[in-house]
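This report looks at charge pairing, surface patches and backbone angles in one protein model. The sequence and the structure come next.

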Amino acid sequence: MLNWMLYYPLEKIAAKWTDTLVTINDEDKERAKGFHLRNGGQVYKMPGVGIKEESYEIENFNRNRYRKSLGLKKDDFAILVLAELNKNKNHMQIIKAIDELKEKCPRIKLICAGKGPKEKELKRVVKYMKLEKNVKFIGFRRDITQLLYCSDCVGLFSHREGLGKCLLEGMIAGKPIIATNTRGPKELIEDGANGFLVEVDDYKHLAEYLEKIYGDQEMQNRFGEKSKEKVKEFYLDKVLQEVINFY
């Protein structure tokens with residue numbers, strides 16, 4: 001509410017001096033069309049800030065050895081969440097979903113990479129729910145590429161999200177992705193094609209979708225291939241060309 005009260009009016013006022021306004025998702029683009037830009041200025045959407053495929057290439061990677069270093073077994077199903085541990089990133093939704101699944105999907109594991117103000121609270125909740133075997137907090141990491149290739153699925157469960165770079169990273173690594181139905185993830189996920197969209201805080205449906213992916217290797221492969229195909233829209237060279245066109 002504070003963001004809306006502060007930033008939205010400022011953006012609307014600033015539009016009077018703006019020639020070109022660039023957004024990174026359709027929802028923001030449609031909203032910005034209601035602004036009165038200088039001299040009939042244009043509103044554009046570009047596919048994020050761009051991502052480099054070569055930055056996530058990996059050679060001679062021993063997946064099983066790396067998983068072992070994270071406390072994962074060869075046949076575990078690992079969901080990776082790359083996000084600061086704060087209120088907006090909403091880790092509680094996935095933790096509740098894991099609690100729903102821990103009996104019928106015993107190999108399911110949640111890997112939370114990141115630090116933040118909610119860390120102590122989330123760890124207390126995990127301990128209270130007796131989920132220490134299923135949920136791992138691994139702190140701030142620089143080995144993002146290795147973590148991506150170690151995982152089986154990449155998730156993001158924010159209340160608000162402009163795009164979601166970690167989802168793009170998961171797509172480059174050929175992973176199914178699952179996220180809340182917010183502005184950014186809607187641009188990246190074709191529901192039922194490369195992953196699933198779920199409403200914010202709806203951990204019951206999230207658990208159902210995770211169970212589907214968990215038990216279906218063919219679906220995991222299919223979603224992963226679709227992710228690798230779709231992420232090409234967001235490659236840096238394409239984004240740079242669009243920026244040049246705006247100018």
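The model is predicted.

**Salt bridges**

How many salt bridges does the structure hold? The count is 25. Side chains of opposite charge can pair when their charged atoms come close.

| Pair | Closest N and O atoms | Relative accessible area |
|---|---|---|
| Asp26 and Lys45 | 3.4 Å | Asp26 39%, Lys45 26% |
| Lys102 and Asp99 | 3.0 Å | Lys102 24%, Asp99 26% |
| Lys226 and Glu190 | 3.9 Å | Lys226 23%, Glu190 31% |

Take the pair Asp26 and Lys45, with its closest N and O atoms 3.4 Å apart. Asp26 belongs to helix H2, residues 26-32, and Lys45 to strand E2, residues 42-45, so this bridge ties together parts that are 19 residues apart in sequence. Asp26 is partly exposed. Lys45 is partly exposed as well, at 26% relative accessibility.

Lys102 pairs with Asp99, and here the closest N and O atoms are 3.0 Å apart. Lys102 counts as partly exposed, with a relative accessible area of 24%. Asp99 is partly exposed too, at 26%.

Lys226 and Glu190 form another bridge, at 3.9 Å between the closest N and O atoms. What does this pair tie together? Lys226 sits in helix H10, residues 217-230, while Glu190 sits in the loop between helix H8 (185-188) and strand E8 (195-198), so the bridge links parts that are 36 residues apart in sequence. Lys226 is partly exposed at 23%. Glu190 is partly exposed at 31%.

**Surface patches**

Which residues form the negative surface patch? They are Glu53, Glu54, Glu57, Glu59 and Asp237. Glu53 is placed in the loop between E2 and helix H3 (63-69). Its relative accessible area is 39%, so Glu53 counts as partly exposed.

A nonpolar surface patch is made by Leu6, Tyr7 and Leu10. Its area is about 300 Å². Leu10 lies in helix H1, which spans residues 2-14. Leu10 is partly exposed, at 47% relative accessibility.

**A lysine in helix H9**

Lys212 is found in helix H9, residues 203-214. Is Lys212 buried or partly exposed? Its relative accessibility is 47%, so Lys212 counts as partly exposed. Leaving aside residues up to four places away in sequence, Lys212 touches Phe196 and Met219.

**Positive phi angles**

Most residues other than glycine have a negative phi. Two residues in this model are worth checking against that background. Asn60 is not a glycine, although its phi is positive, at about 50 degrees. Asn60 is placed in the loop between E2 and H3. With a relative accessible area of 81%, Asn60 is exposed.

Lys130 has a positive phi of about 60 degrees, again without being a glycine. Where is Lys130 found? It lies in the loop between helix H5 (119-128) and strand E5 (135-139). Lys130 counts as exposed, at 65% relative accessibility.

Terms used: Residues numbered from 1 in each chain as written. Predicted model: local features only at pLDDT ≥ 70, side-chain atom pairs only at ≥ 80, totals over all residues. Heavy atoms only, no water. Salt bridge = Lys/Arg side-chain N within 4 Å of Asp/Glu carboxyl O. Helix = DSSP H or I, 4+ residues; strand = E, 2+ residues; numbered from the N terminus. Buried < 20%, exposed > 50% of the residue type's maximum accessible area, 1.4 Å probe, protein only. Patch = residues over 30% accessible without salt bridge, like charges linked within 9 Å, V, L, I, M, F, W, Y side chains within 5 Å. Areas by Shrake-Rupley, 256 points an atom, 1.4 Å probe, with all protein chains shown as cover. Lys, Arg positive; Asp, Glu negative; His and termini not counted. Charge placed at Lys NZ, Arg CZ, Asp CG, Glu CD. Contact = heavy atoms within 4.5 Å.
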